[in-house]
Amino acid sequence: MPKYLLLKHYRGGPEPHHPFPPMDQWAPEDVEAHMAFLKHVSELLEENGEYIDAQALTPARTWVRYGGSEADPVTSDGPLPETSDLVAGWYMIDVDSHERALELAAYVSSEPGPGGEPLYEWIDVREVMSEAPSDD
Amino acid sequence: MIDETTRRLDEGALRALVPRVLAGLVRRGEDFNAAEDALQEALLEALRVWPEHPPRDPRAWLATVATRRLVDARRSETARDRREEASYAEVRPGATEEGDDALFLLFCCCHPALAPASQVALALRAVGGLTTREIADAFYVPEATMAQRISRAKRTLQGRRLDQPGDLAVVLRVLYLVYTVGHAGRVDLAGEAIRLARQLTLATEEPEARGLLALMLLNHARLPARLDSECRIVTLDRQDRGLWDTCEIAEGVRVLESALAEQTEERPPGRYEVEAAIAALHDDAASAEETHWPQVLAWYDDLVALTDDPVRQDPGAVLGRAVAVGHVLGADAGLRETDRLSEVFGERHRWHAVRGHLHELGGDLPAAASAYADAARRATSVAERDHLVRQAARARATEHV
């Protein structure tokens, strides 16, 4: 069965379906509904036997590269640190098909936002390369 | 058929034997690394065999199986290792009392040459009697990674003298680390740390060991109230105090009092005793409003006085003190205290969270909301981030009412 990463982004990706404020500016009941939905998604994936992992990343980012022999590593904020693409976290799932991965991603994207309306958040779906050569 | 309770009981008893058997082997002159490996194998075998065939003398069984493994290992060893065998018969000097086993081994595991993560892992295996698998689960890393970490740690110890009196301060720090990382996971590491600290207090008269045990007990007592049914963080001021473990609080207070009784002009209470005293004051208040903040502040004054430059050496204590200052002298005074930390602590979520709390205390809800939001952006755990987002949303909503 293929494995997929469903990536959520802090920023970057296609033009948002509609703008929304950061979550700390939502009504408390909307915050609760959103968090409850995400918890429900994890439980659902586990019940389905599709869950592998879910993680969240802090927004702090450091680019680093080898600095050369006997030099310290070189670090950078990257180009355009305020606007460049930034991953917020992921679900890793093990599903029957690419279609199922897209279906689950769309479901994640229906997460409730301000006023309980769906967020329509873009989800970045990536297939994980398998270790073994394919049978076909 | 052996039911689950018996099995669990056996495992507990089995683990308690580990440090005694290991200390026995090491005192007999066995190499610490080899003995620890052999005992780990014996432990795994015991977990497999005992449920069906419980031994008459568990300790002797473990010692015998571990010794057999050691002999097997030596037989298959090469010439390089035979040289090391020369020192095999030498009985090393060291503590000889049986009650000192745990302490002796903790000093071995908490060798200053090891990184903290390795000290913790080794202590849990050699003294806590946990299997590599259990330790890996507790830290959410693959078993192979943890096995590698442990064997690397043991290579570091190879050839170092383990008979020197170690640094008790390092042992205490390692135990506290075990405690603080141990609130989640399948294995109750917090409970394990308390068990080890209790053993430690039997082996040393040092009041700080009792201070640490008291601190752990007094914090652990509040654990049942720290998360609600939805696993959301509940801060101290909003906890249902009826859920606190009064037996643990009573024990913590008793242990703390016996430690504090030994203070003199020359030996003021150490940091664990002081932190335990602060925890005791919180535990003692029937409601958040009844917290005796002036006393809390007085203990924080003692805590920051323990270092020469608290802002740099102990910023966590200065931050805790700022909260107490806020409650005693007013929110603005508390906020001024946090200003001193902006350079060292300004990127930490706790600094922003404390400022949020102080702004809220002073009635400035917009400032509180934005401080909580700043804290949420810097949080390093999902539970804390979610909690801080909720705090921000709540403060903003209250402001609009």
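1. Pro58(B) belongs to helix 3 of chain B, which covers residues 58–75. In this predicted model, Pro58(B) counts as partly exposed because 17 C-beta neighbours lie inside 10 Å. Once the neighbours within four places in sequence are set aside, Pro58(B) is in contact with Ala13(B), Leu14(B) and Leu17(B). Arg198(B) is 140 residues from Pro58(B) in sequence, and the two C-alpha atoms are 23 Å apart in space.

2. On to chain B as a whole. You will find 22 helices and 0 strands there. The chain has 401 residues, of which 41% count as buried. Taking the contacts in chain B with a separation of 6 or more, 61% are between residues 24 or more positions apart.

3. The largest nonpolar core has 112 residues. Leu39(B), Ala66(B), Leu106(B), Ala123(B) and Tyr372(B) are the residues with the most contacts inside this core. Which residues does Leu39(B) touch, leaving aside its neighbours within four places in sequence? They are Val18(B), Val21(B), Leu22(B), Leu25(B), Leu62(B) and Ala66(B). There is also a second, separate core of 11 residues, which includes Tyr4(A), Val95(A), Leu104(A) and Ile123(A).

4. Please keep confidence in mind when reading chain B. Its pLDDT averages 85, and 88% of the residues score at least 70. Among the elements of chain B, helix 15 (residues 293–304) has the highest mean pLDDT, at 98, whereas helix 4 (residues 79–85) has the lowest, at 49. Over residues 83–99 of chain B the pLDDT stays under 50, and the model has 21 contacts beyond four places in sequence for this stretch. For the complex, the predictor gives an ipTM of 0.85 and a pTM of 0.80.

5. Now the sheet in chain A. It is an open sheet of 4 strands in the order 2-5-1-6, with antiparallel pairing. Strand 2 (51–56) and strand 6 (124–128) are the edge strands, each pairing on one side only. From one strand to the next, the twist averages 20 degrees.

6. The pairings can be followed across that sheet. Strand 2 and strand 5 of chain A are antiparallel and share 5 bridges; here Ala56(A) stands opposite Gly89(A) in strand 5. Strand 1 and strand 5 of chain A pair over 8 bridges, again in the antiparallel sense, and Leu5(A) faces Met92(A) of strand 5 as its opposite residue. Strand 1 (residues 3–11) of chain A is joined to strand 6 of chain A by 5 bridges, and these two run antiparallel. Tyr4(A), one of the residues of the second core, stands opposite Glu127(A) in strand 6 of chain A.

7. Helix 1 of chain A lies across strand 2 and strand 5 (86–94) of chain A, and runs at about 160 degrees to strand 2. Asp30(A) is in this helix. Asp53(A) is 23 residues from Asp30(A) along the chain, with a C-alpha separation of 26 Å.

8. For the interface, 12 residues of chain A are in contact with 15 residues of chain B. On the side of chain A that touches chain B, helix 1 (residues 28–48) of chain A gives the most, with 3 residues. The residues on that side divide into 9 nonpolar, 2 polar and 1 charged.

9. Finally, two backbone angles to look at. Tyr120(A) is not a glycine, yet has a positive phi of about 55 degrees. It sits in the loop between helix 2 (98–109) and strand 6 of chain A, and counts as partly exposed, with 14 C-beta neighbours inside 10 Å. Cys231(B), also a residue other than glycine, has a positive phi near 65 degrees. Cys231(B) is in the loop between helix 12 (223–226) and helix 13 (246–260) of chain B, and is exposed because 10 other C-beta atoms lie within 10 Å. Most residues other than glycine have a negative phi.

How values were computed:
Residues are numbered from 1 along each chain as its sequence is written. Chains are lettered from A and ligands numbered from 1 in the order in which they are written. This is a predicted model: local features need pLDDT of at least 70, side-chain atom pairs count only at pLDDT 80 or more; totals for chains, interfaces and linings use all residues. A nonpolar core is a set of buried Ala, Val, Leu, Ile, Met, Phe, Trp, Tyr and Cys residues joined through C-beta atoms within 7 Å. A residue is buried if 20 or more other C-beta atoms lie within 10 Å of its own, exposed if 12 or fewer, and partly exposed in between; C-beta atoms are placed from the backbone. Two residues are in contact if their C-beta atoms, placed from the backbone, lie within 7 Å. Ala, Val, Leu, Ile, Met, Phe, Trp, Tyr, Cys and Pro count as nonpolar, Asp, Glu, Lys and Arg as charged, and the others, Gly among them, as polar. Two strands pair if DSSP finds at least two bridges between them. Axes are lines fitted to C-alpha atoms, for helices over the stretch in contact, and angles run from 0 to 180 degrees between N-to-C directions. pLDDT is the predictor's confidence in each residue, from 0 to 100.
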